[in-house]
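Below is a short report on a helix, one of its residues and a hairpin. Please look at the sequence and the structure first.

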Amino acid sequence: MTLITLIDNIPLYSSIEEAETWGSQYGLQGYHTHNYVAITGYMGGETHVEIMNAMQGGIVNFLTPDQLAQGNFVVTPAEISAYNSILPELQGPTQNQTVPQPTIPQEQLVLQTTTTTPIAIEPKPQTQSRTQQASRTAPATRY
């Protein structure tokens with residue numbers, strides 16, 4: 001049992017059961033068939049027009065977690081959005097549990113403290129480039 005493809009954003013399944021389960025989300029009953037790459041597939045709802053009208057109204061019957069586990073039924077962007085909006089409800093009530101923490105012996109840390117005295121750093125005097133130094137110390141040459 002698998003999702004074969006989407007036709008007009010409507011899933012085509014390899015079994016009647018999957019097609020009818022998908023269609024039940026929209027209040028649809030029955031199915032019809034399509035041939036896709038030489039494979040007969042099943043689509044929920046009796047006609048395309050019926051399916052398109054039902055999809056415009058959105059999901060009316062959300063599938064249970066057990067039903068969802070039986071196939072790939074949340075396939076359109078609208079279905080994904082709808083199921084994401086009720087996801088906590090699908091997962092059922094959660095229990096607050098306290099996870100026991102392992103007992104780990106604590107090491108005794110010895111902290112060493114040091115005091116530092118700020119040191120004033122004086123800026124270095126700017127040095128002249130070598131060419132400037134050489135021109136001052138070089139004797140003038142006469143020709």
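In which helix does E79 lie? E79 lies in helix α4. Helices here are DSSP runs (H or I, at least four residues), strands likewise (E, at least two), numbered from the N terminus.

This is a predicted model: local features need pLDDT of at least 70, side-chain atom pairs count only at pLDDT 80 or more, and totals for chains, interfaces and linings use all residues. Residues are numbered from 1 along each chain as its sequence is written, and side-chain values use heavy atoms, with hydrogens and water left out.

**Helix α4**

Helix α4 spans residues 77–85, and its buried residues are E79, A82 and Y83. They lie on the same side of α4 because they cover an arc of only 95 degrees around the axis. That arc is taken from the directions from the helix axis to the C-beta atoms. An α-helix has 3.6 residues a turn, so residues three or four places apart point the same way.

Buried means under 20% relative accessible area, exposed over 50%, and partly exposed in between (1.4 Å probe, protein chains only).

| Side of α4 | Residues |
|---|---|
| Buried | E79, A82, Y83 |
| Exposed, other side | P77, N84, S85 |

**Residue E79**

E79 counts as buried because its relative accessibility is 0%. Beyond its neighbours within four places in sequence, E79 is in contact (heavy atoms within 4.5 Å) with W22, Q25, Y26, I59, F73 and V74.

Strands β3 (residues 31–36) and β4 (residues 39–44) run antiparallel, joined by six bridges. Strands pair if DSSP finds at least two bridges between them. H32 stands opposite M43 in β4. Two residues sit between the strands, and V37 takes a positive phi near 50 degrees.
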